[in-house]
Amino acid sequence: MHQNSSPAGVDPREGSLGESAISDEPTDRQDSTESAQGSSPHNPDGPAAAPEPPTPPADLNRQLLLYTLARVGLFVVLCAILIVAHVPFVVAPVIAIVVALPLSMVLFRSWSQRVSAGLAARTAARKATRDDLRARLRGEFNADEPEADSDPESKG
């Protein structure tokens, strides 16, 4: 049998003076991220204005579609070449995939970097919008933006 090494009647979670080692403070991950950003109940002013996230290019969807079609096209061309070269029909796509992946990384490198940068910018813009919405839902308003009709009598 397993014996408890702590004295009888003493909770192992308690400190030496009977104080609980478990804090009553909330350990919510959101609280830690707010304090890391400078916006917390202890610092209502929050951090200085954050820089605007980069905006994704207007034709990002078109670029992504063309990049995807180019990679698929490379696979189809390689597969067709292998089939014409009398490689078995089941083996040709497997070889084409193995060859097309590194070849597309070399041939379409700049295109891939542009698409990746555009997707990163889109993700950053969405995150900034989501964070702004969450801040508004918590009741935190940015000093640069006017509050939404806080005084109903001013409408006239």
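Modeller: Buried means under 20% relative accessible area, exposed over 50%, and partly exposed in between, with a 1.4 Å probe and protein chains only. The model is predicted, so local features need pLDDT of at least 70, side-chain atom pairs count only at pLDDT 80 or more, and totals for chains, interfaces and linings use all residues. Residues are numbered from 1 along each chain as its sequence is written, and side-chain values use heavy atoms, leaving out hydrogens and water.

Biologist: Why does Tyr 67 count as buried?

Modeller: Its relative accessibility is 13%, and the limit is under 20%; therefore Tyr 67 counts as buried. Phe 108 and Trp 111 are buried too.

Biologist: What makes the pair of Tyr 67 and Trp 111 edge-to-face?

Modeller: Rings of Phe, Tyr and Trp (its six-membered ring) pair if their centres lie within 6.5 Å; planes under 30 degrees apart are stacked, over 60 edge-to-face, and the rest tilted. The centres of Tyr 67 and Trp 111 are 6.1 Å apart and their planes stand at 65 degrees, so the pair is edge-to-face. Tyr 67 lies in helix 2 and Trp 111 in helix 4 (residues 109-138), 44 residues apart.

Biologist: Why is the pair of Phe 108 and Trp 111 called edge-to-face?

Modeller: The planes meet at 85 degrees with the centres 6.1 Å apart, so this pair is edge-to-face. Tyr 67, Phe 108 and Trp 111 form one aromatic cluster.

Note on methods
Helices (H or I, at least four residues) and strands (E, at least two) are DSSP runs, numbered from the N terminus.
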